[in-house]
Amino acid sequence: MKKALIGAIITLSLMPVAAFAAEKPAKASCTMTASDTSIKPGESVTISWSTENSSLRVGSFGLMAQSGSVTVSPKFTTDYYIDAIGLNSSNHCHVVVRVK
């Protein structure tokens, strides 16, 4: 013997769409500096960088950490760079070290 549910009431509550809208992610940003931008052959310089709101960082040193530094001894004028890539934006930063 089967019993039937008669007169069932279904209540549905609707939430405004705006309540579920995600905030727009912050834009990717970066900075890159050199301890000296003009050096003589054989001298060293430290390149430092920092990024925010980026999930991928690619640059002169391959895949790069969110922030860091490296010491280099360029033999000729070199443009070091980083591309910070985020969810909705990207940013390019660079620094030139001149060898004289």
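Analyst: A residue is buried under 20% relative accessible area, exposed over 50%, and partly exposed in between, with a 1.4 Å probe and protein chains only. The model is predicted, so local features need pLDDT of at least 70 and side-chain atom pairs count only at pLDDT 80 or more, while totals for chains, interfaces and linings use all residues. Residues are numbered from 1 along each chain as its sequence is written, and side-chain values use heavy atoms, without hydrogens and water.

User: Why does Trp49 count as buried?

Analyst: Its relative accessibility is 11%, and the limit for buried is under 20%. Trp49 therefore counts as buried.

User: What makes Phe61 partly exposed?

Analyst: Phe61 has 30% relative accessibility, a value in between the two limits. Phe61 therefore counts as partly exposed.

User: How many aromatic pairs does a search of the whole structure find?

Analyst: The search finds two. Rings of Phe, Tyr and Trp (its six-membered ring) pair if their centres lie within 6.5 Å; planes under 30 degrees apart count as stacked, over 60 as edge-to-face and the rest as tilted.

User: Why is the pair of Trp49 and Phe61 called stacked?

Analyst: The ring centres of Trp49 and Phe61 are 6.0 Å apart and the planes lie at 25 degrees, so the pair is stacked.

User: What describes the pair of Phe61 and Tyr80?

Analyst: Phe61 and Tyr80 are also stacked, at 5.6 Å centre to centre with 15 degrees between the planes.
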